[in-house]
Amino acid sequence: MTFALRSLCEADIPEVGRIEREAFPTLWPRAPIKNDMKNKRIIYLVATLLHPEEAPGHEEEPPPDPLAEYPMPLRLIRNVTDRLWPNSGPAAPTNDTPLGYVCVWFLTEEAHITAIAVKESWRGQGLGEVLLGGAIETAMRRKSRVVTLEVRVSNHGAIALYEKYGFKRVGVRKRYYSDNREDANIMTTEPILSLSYQRKFLELRDAYFKRRGAVETSLGLAGA
Ligand SMILES: CC(C)(COP(=O)(O)OP(=O)(O)OC[C@H]1O[C@@H](n2cnc3c(N)ncnc32)[C@H](O)[C@@H]1OP(=O)(O)O)[C@@H](O)C(=O)NCCC(=O)NCCS
């Protein structure tokens, strides 16, 4: 399987919204992604499959249609609205369907990752690394000094991912999450343009490519 990484386009918004709701059900709704897209300080990257046909057993099923059990007249109306406004029904998976996304805010010196999520059925296959690596690479191109983020203290999988890429815990925000008042670890990298970090990052990328294969990236489009 070859993964691809590119910047978000408007057609991705419904699928990214679904991934967001699945990953962060208690923090939704939030500000519309469409508004973020107008802000030059915010970027979204999405990871996709370059050749979906190479992924046997991963044929995506459309989400269950909530109207399937409804009486015929309602289903007829639904057919008509689907033709008139194709986005009003479940999104049909395409070759370019996002499997995960990352959102980064560029502040004065710092690139702050506000969200990173992979579709549940695709976790554990290297997509989180593709997204985090892409965010860090974009931050390097934009000459950010460090990359920072907050993460729930209980989110051991995400913390392991960040630690792999050199993030260290530098503080705690007490009761940061409004849903369960959980604390957040504040994590940050060392300066990402330092020789030591660049070396570490390149080693990680090399190890990734050897283990999982190349990633097709078009980060030039990511506002870098
Ligand atoms: C966190 C998340 C983005 C990771 O994505 P992923 O595609 O599953 O991660 P990858 O397969 O690329 O894993 C890369 C590394 O992350 C770490 N990791 C990821 N999931 C892990 C888990 N469940 N347990 C332990 N380590 C884990 C490992 O270090 C792994 O490297 P390895 O393969 O060499 O062991 C994904 O689990 C997710 O979407 N979670 C829900 C949303 C979320 O919590 N986001 C973070 C908010 S701060």
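Let's start with Lys-143, found in the loop between α4 (127-141) and β5 (146-152). Helices and strands here are DSSP runs, numbered from the N terminus: H or I over at least four residues for helices, E over at least two for strands. The model is predicted, so local features need pLDDT of at least 70 and side-chain atom pairs count only at pLDDT 80 or more, while totals for chains, interfaces and linings use all residues. Residues are numbered from 1 along each chain as its sequence is written.

Lys-143 is not a glycine, yet it has a positive phi. Arg-175, in the loop between β6 (168-173) and β7 (184-188), also has a positive phi without being a glycine. Here are the phi values:

| Residue | Phi |
|---|---|
| Lys-143 | about 60 degrees |
| Arg-175 | about 45 degrees |

Is Lys-143 buried or exposed? It counts as exposed because it has 12 C-beta neighbours inside 10 Å. Arg-175 counts as exposed too, because it has 11. The cut-offs, with C-beta atoms placed from the backbone, are: buried at 20 or more other C-beta atoms within 10 Å of a residue's own, exposed at 12 or fewer, and partly exposed in between.

Now for the sheet. It's an open one of eight strands with mixed pairing, in the order β6-β7-β5-β4-β3-β2-β1-β8. The edge strands, β6 and β8 (215-217), each pair on one side only. Two strands pair if DSSP finds at least two bridges between them.

Strand β2 (residues 42-49) is mostly covered, with seven of its eight residues buried. Its antiparallel pairing with β1 (residues 3-7) runs over five bridges, and Ser-7 has Leu-45 in β2 as its bridge partner. With β3 (residues 100-106), β2 pairs in the antiparallel sense over six bridges. In β3, Tyr-101 is the bridge partner of Val-46, and Val-104 is that of Ile-43.

What about the ligand? It is surrounded by 19 residues, and the closest are Arg-123, Gly-128, Gly-157, Ala-160 and Leu-161. A residue is near a molecule if its C-beta atom, placed from the backbone, lies within 6 Å of it. β4 (110-118), α4 and α5 (156-164) each supply at least two residues of this shell. Which element gives the most to the shell? That's α5, with six residues.
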